[in-house]
Amino acid sequence: MGKGSKQRPTAQTFWDNWDAVFRDKEEAEEKTYEYDCYKCGGLDEADVFEEIEVNHEPMGDTTVPRTMIILTCERCGREVDYTG
């Protein structure tokens, strides 16, 4: 700036463009997934196969059903974790 001159006001579009280019990566929203496959990464519900297995375990004089839910990846067939 020269002697005696005033700074021009900065337009709002300048700051919008500045934020678009130099915004922190932490501020950017990341897509969250309900399921996680170790090989494929994050998965949506449509990419997960849910198998329900009922095991009957002895307890005293009777048997008790124990339900297990096994989640597998539709893409690679590996086990999937629910991150919910």
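How many of the 84 residues of the protein count as buried, as a percentage? I looked this up before anything else. The figure is 8%. I note here that I am working from a predicted model.

**Entry: overall form**

I went through the secondary structure next. Read from the N terminus, the order is α-β-β-β-β-β. I then checked the radius of gyration, which is 27 Å. The globule rule gives 12 Å for 84 residues, so the protein is more spread out than a compact globule. I also looked up the box that the C-alpha atoms fill. Along the principal axes it comes to roughly 100 × 30 × 15 Å.

The protein exposes about 7800 Å². Carbon and sulfur atoms supply 49% of that area. For contacts, I took residues at least 6 apart in sequence. Of these contacts, 41% join residues at least 24 apart.

**Entry: the N-terminal segment**

Gly 4 sits in the segment before α1, and α1 covers 12-22. Is Gly 4 buried or exposed? Gly 4 counts as exposed because its relative accessible area is 77%, and the cut-off for exposed is over 50%. I then took the distance from Gly 4 to Glu 34. The two are 30 residues apart in sequence, and their C-alpha atoms are 60 Å apart in space.

**Entry: charges and salt bridges**

I looked up the charges. The protein has 10 positive and 20 negative charges. Their mean positions are 19 Å apart. Side chains of opposite charge can pair when their charged atoms come close. How many salt bridges does a search of the whole structure find? The search finds two.

Asp 47 and Arg 75 form one of them, with the closest N and O atoms 3.0 Å apart. This pair links distant parts of the chain, 28 residues apart. Asp 47 is in the loop between β2 (41-43) and β3 (48-59). Arg 75 is in the loop between β4 (62-73) and β5 (80-82). Arg 75 counts as exposed, at 53%.

Glu 57 and Arg 66 also form a salt bridge. Here the closest N and O atoms are 2.6 Å apart. I looked up both partners. Glu 57 is partly exposed, with a relative accessible area of 33%. Arg 66 is partly exposed as well, at 39%.

**Entry: Cys 40**

I went back to Arg 75 by way of Cys 40. Cys 40 lies in the loop between β1 (35-37) and β2. What is Cys 40 in contact with, leaving aside its neighbours within four places in sequence? I found Cys 73, Arg 75 and Cys 76. Cys 40 counts as partly exposed, at 29% relative accessibility. I also took its distance to Pro 65, which is 25 residues away along the chain. The C-alpha atoms of Cys 40 and Pro 65 are separated by 33 Å.

**Entry: His 56**

I ended on His 56, in strand β3. Which residues does His 56 contact beyond its neighbours within four places in sequence? They are Thr 63, Val 64 and Pro 65. His 56 is exposed, with a relative accessible area of 55%.

Key
Residues numbered from 1 in each chain as written. Predicted model: local features only at pLDDT ≥ 70, side-chain atom pairs only at ≥ 80, totals over all residues. Heavy atoms only, no water. Helix = DSSP H or I, 4+ residues; strand = E, 2+ residues; numbered from the N terminus. Rg over C-alpha atoms; globule rule 2.2 N^0.38 Å. Buried < 20%, exposed > 50% of the residue type's maximum accessible area, 1.4 Å probe, protein only. Contact = heavy atoms within 4.5 Å. Areas by Shrake-Rupley, 256 points an atom, 1.4 Å probe, with all protein chains shown as cover. Lys, Arg positive; Asp, Glu negative; His and termini not counted. Charge placed at Lys NZ, Arg CZ, Asp CG, Glu CD. Salt bridge = Lys/Arg side-chain N within 4 Å of Asp/Glu carboxyl O.
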